[in-house]
Amino acid sequence: MKASDSIRTIKGIGEKSGKLFGKLGITTVEELLAFYPREYDLFTAIQPVSSVREGETVILEGSFATRPKMASVRNLKIISCMFRDSTGQILVSWFNMPYLMRSLKMGMRYILRGRIVRKNGVLQMAQPKLLTKEEYANQTGKLSPVYPLTAGLTNHAVAKAMAIALKECEAESDFLPLEVRKGYGLQSHRKAVQMIHFPDSKESYAKARRRLVFEEFFLFSLALRQVREKKHSVVSPYCLKKQEKVKKLLCSLPYSLTSGQEKAWEEIQEDLQSGYVMNRLVQGDVGSGKTVLAMLSLLFAAENGYQGAIMVPTEVLAKQHYEEFQEFLEPFGIKVVLLTGSMTAAQKRETCSLIEHHQADVIVGTHALIQEKVTYANLALVVTDEQHRFGVRQREQFSAKGEAVHMLVMSATPIPRTLAIILYGDLDVSVIDVLPSERLPIKNCAVDTNYRPQAYRFMEKQVREGHQVYIICPMVEESESSEAENVMDYTNTLREALPPSIHVEYLHGKMRPALKNEIMESFASGKIDILVSTTVIEVGINVPNATVMMIENAERFGLAQLHQLRGRVGRGKAQSYCIFMAGNPSKETMERLRILESSNDGFYVARQDLKLRGPGDLFGIRQSGDLLFGLADIYQDAEELQQANEAACSLERRDILLLCKKHEALRKKMEQYTGEEIIM
Ligand code: ADP
Ligand code: MG
């Protein structure tokens with residue numbers, strides 16, 4: 001079996017499961033091997049019933065306290081009974097496994113393993129696995145991989161295919177040059193892949209992860225170097241001079257720019273008038289006001305007869321920017337259009353035609369903007385918002401839509417400048433380091449679930465005062481569908497807990513884009529009082545009237561992500577509040593969350609979190625939630641990032657074209673990575 005073979009060559013993968021793997025982006029053996037576990041399941045020791053907590057996966061040993069009964073609810077068959085040991089008892093239930101009725105016996109001892117959940121206010125173990133004594137003994141202390149799945153594909157099926165692929169696929173030569181591996185004490189790629197899927201200990205997992213993180217950063221850093229080489233001082237064919245409309249827009253804004261915005265705007269203007277192509281990153285914490293800089297730049301381009309486009313990661317955000325730009329720019333005779341994936345084919349055709357014939361000046365959209373079908377008439381400026389949600393490659397594809405176009409990139413990822421310079425090595429950096437002065441700092445509190453009734457009353461009061469509320473629920477179960485259920489269940493419970501006059505709605509990632517937009521719009525226009533959502537609202541949404549953010553199971557998020565979420569409130573003049581609710585209020589959890597209580601500064605938060613967790617925390621939650629890297633995390637792995645960058649830099653000095661025989665594997669890998677041949 002070769003790495004490039006189709007996954008169908010793996011025994012047990014037929015047409016149907018092949019398609020399911022395809023949904024996960026896996027069509028070759030190589031892609032399968034690069035599909036890393038999301039987390040690991042650690043078989044812990046048997047726990048007393050009395051000590052279980054919501055959200056944990058535990059193993060219990062005992063017997064049934066009541067006879068298992070089967071009930072039919074709608075089209076579900078539910079078996080339930082009480083299970084006990086010497087310390088207490090707990091409800092257990094199984095869905096749609098009627099055949100279990102025959103094997104569950106009173107008076108027998110069982111070992112059950114399952115997740116503790118709360119349904120209708122009662123703790124229970126849902127869908128536990130029955131373990132034999134041998135299974136328990138064999139598995140305890142071991143790590144088994146948990147993969148991010150798609151409906152129809154089980155974790156077992158992925159793990160099985162992985163084991164076969166690891167056994168049968170021929171290893172290719174390692175693309176990391178030997179001297180780099182030696183210099184940084186890294187194991188081989190093959191060994192690392194083996195151990196990332198099936199680690200035999202925490203130590204071997206750590207070693208494997210380090211190697212894979214390093215190679216991710218290394219490839220990234222090399223690719224960035226090539227981009228930068230190509231970009232160095234390119235003469236710009238676009239002449240941006242006229243500024244009347246830009247000046248008028250500045251006067252008509254309902255606020256004046258902060259010192260940070262003003263400085264960034266000056267730097268942008270200088271770039272745009274320099275005669276060279278602009279490559280600039282504007283980095284500013286959430287709420288620092290980056291959108292207006294994009295708007296000014298786009299107007300500047302349009303006023304001088306060119307087109308400008310802005311790409312954002314979500315449909316909702318695209319819509320929001322579109323409306324805002326329309327409101328501010330159309331009075332100047334600027335035509336703004338929207339292009340997103342969810343539009344009908346006819347709408348897309350019409351919009352594309354406007355773009356192609358330069359009847360549109362400012363184009364707002366999602367990934368749809370970089371699709372082949374879109375041709376721009378006279379594109380001079382591209383802006384990427386929330387760059388941390390895009391890869392370098394997408395950013396480059398976007399600028400390739402025009403000829404030597406100016407590029408403005410905006411990001412809120414709170415990182416220290418030293419890291420920014422590595423991660424955005426091909427760009428000049430402007431930092432907005434102040435928030436608009438009229439803002440009151442957000443008041444934060446980290447609490448446990450006992451506080452929930454009080455929190456609800458507080459929200460009720462805020463709603464009565466005319467404000468709005470966000471509640472975030474994390475994805476609790478593995479499967480996709482339950483992400484939705486979770487939000488819906490929560491919404492139902494909340495509706496019961498609040499007076500009917502309060503309008504509660506929910507939002508999650510699996511909803512149809514049109515419906516998502518509709519809900520977001522109703523929320524933005526104040527028709528919805530409380531929005532229960534998954535993290536889909538994390539990116540960029542701006543509803544200044546929302547003053548309360550409550551995050552359930554806050555312990556499941558990285559602090560940097562919690563900080564991003566918190567940035568959805570505190571965007572208007574009113575006092576805003578953020579409630580971090582810990583489902584598992586352990587000392588460590590509360591200590592981490594307290595960091596958010598003590599500061600509203602994203603840079604500080606990310607740094608403190610790292611310090612607290614230390615380098616030993618291998619199973620920590622991914623910090624950033626950014627999609628830029630598969631495994632690597634820019635906060636947790638800052639050291640590897642520095643090292644990989646150093647290694648890439650030194651390699652570049654010795655063999656920039658990767659022409660040495662010993663760099664052949666790397667050259668191939670790079671071509672795959674950047675999607676193009678290495679020619680400069
Ligand atoms: P982000 O940097 O997170 O993208 P936005 O650009 O969405 O932030 O701005 C957040 C809010 O702040 C918006 O409602 C925007 O109108 C407002 N805003 C931007 N600049 C200023 C300013 N200088 N003074 C007051 N409010 C501002
Ligand atoms: Mg923004």
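These legends walk through several views of a predicted model.

**Figure 1. The whole chain, before we zoom in.**
Let's start with the overall picture of this predicted model. The chain holds 23 helices and 21 strands. Its C-alpha atoms fill a box of roughly 85 × 70 × 50 Å along the principal axes. The radius of gyration is 27 Å, which agrees with the value near 26 Å that a compact globule of 680 residues would have.

**Figure 2. A hairpin made by strands S3 and S4.**
Here we look at S3 (residues 69-73) and S4 (residues 76-85), two antiparallel strands joined by five bridges. To find one of these links, look for Met70, whose bridge partner in S4 is Ile79. Two residues sit between the strands of this hairpin, and Arg74 takes a positive phi near 45°.

**Figure 3. The seven-stranded open sheet.**
Seven strands pair in parallel here, and reading across the open sheet gives the order S11-S12-S10-S13-S14-S9-S15. At the edges you'll find S11 (336-339) and S15 (428-432); each has a single partner strand, so one side of each has no neighbour in the sheet. On average, neighbouring strands are turned by 20° against each other, ignoring direction.

Ile310 has Val364 of S12 as its bridge partner. Helix H10 (residues 259-273) packs on this sheet and touches S9 (279-284), S14 (406-411) and S15. The direction of H10 makes about 155° with that of S15. Helix H12 (residues 315-329) packs on the sheet too, touching S10, S11 and S12. For H12, the angle with the direction of S11 is about 170°.

**Figure 4. The six-stranded open sheet.**
This view moves on to another open sheet, with six strands in the order S16-S21-S20-S17-S19-S18 and parallel pairing. S16 (443-448) and S18 (504-507) are the edge strands, each pairing on one side only. Neighbouring strands in this sheet are turned by 20° against each other on average, direction ignored.

S17 (residues 468-472) runs parallel to S20 (residues 546-551), and five bridges join the two. One pairing to look for is Tyr470 with its bridge partner Met549 in S20. Helix H18 (residues 513-524) lies across S17, S18, S19 (530-533) and S20, and runs at about 140° to S18. Helix H20 (residues 587-598) lies across S16 and S21 (577-582), running at about 165° to S16.

**Figure 5. Ligand 1 and the residues around it.**
Finally, let's visit ligand 1, which has 18 residues around it. Which of them come nearest? They are Gly287, Lys290, Thr291, Arg439 and Arg571. A polar backbone atom of Gly287 is 2.7 Å from a ligand oxygen, and a backbone N or O atom of Gly289 lies 3.0 Å from an oxygen atom of the ligand. With Lys290 it's a polar side-chain atom that lies 2.7 Å from a ligand oxygen. On its own, ligand 1 has 570 Å² of accessible area, and the protein covers 89% of that.

Terms used
Residues numbered from 1 in each chain as written. Chains lettered and ligands numbered in written order. Predicted model: local features only at pLDDT ≥ 70, side-chain atom pairs only at ≥ 80, totals over all residues. Heavy atoms only, no water. Pairing = 2+ DSSP bridges. Helix = DSSP H or I, 4+ residues; strand = E, 2+ residues; numbered from the N terminus. Axes fitted to C-alpha atoms, helices over the stretch in contact; angles between N-to-C directions. Contact = heavy atoms within 4.5 Å. Near = heavy atom within 4 Å. Polar contact = N/O pair within 3.5 Å; in protein donor to acceptor, adjacent residues only side chain to side chain. Areas by Shrake-Rupley, 256 points an atom, 1.4 Å probe, with all protein chains shown as cover. Rg over C-alpha atoms; globule rule 2.2 N^0.38 Å.
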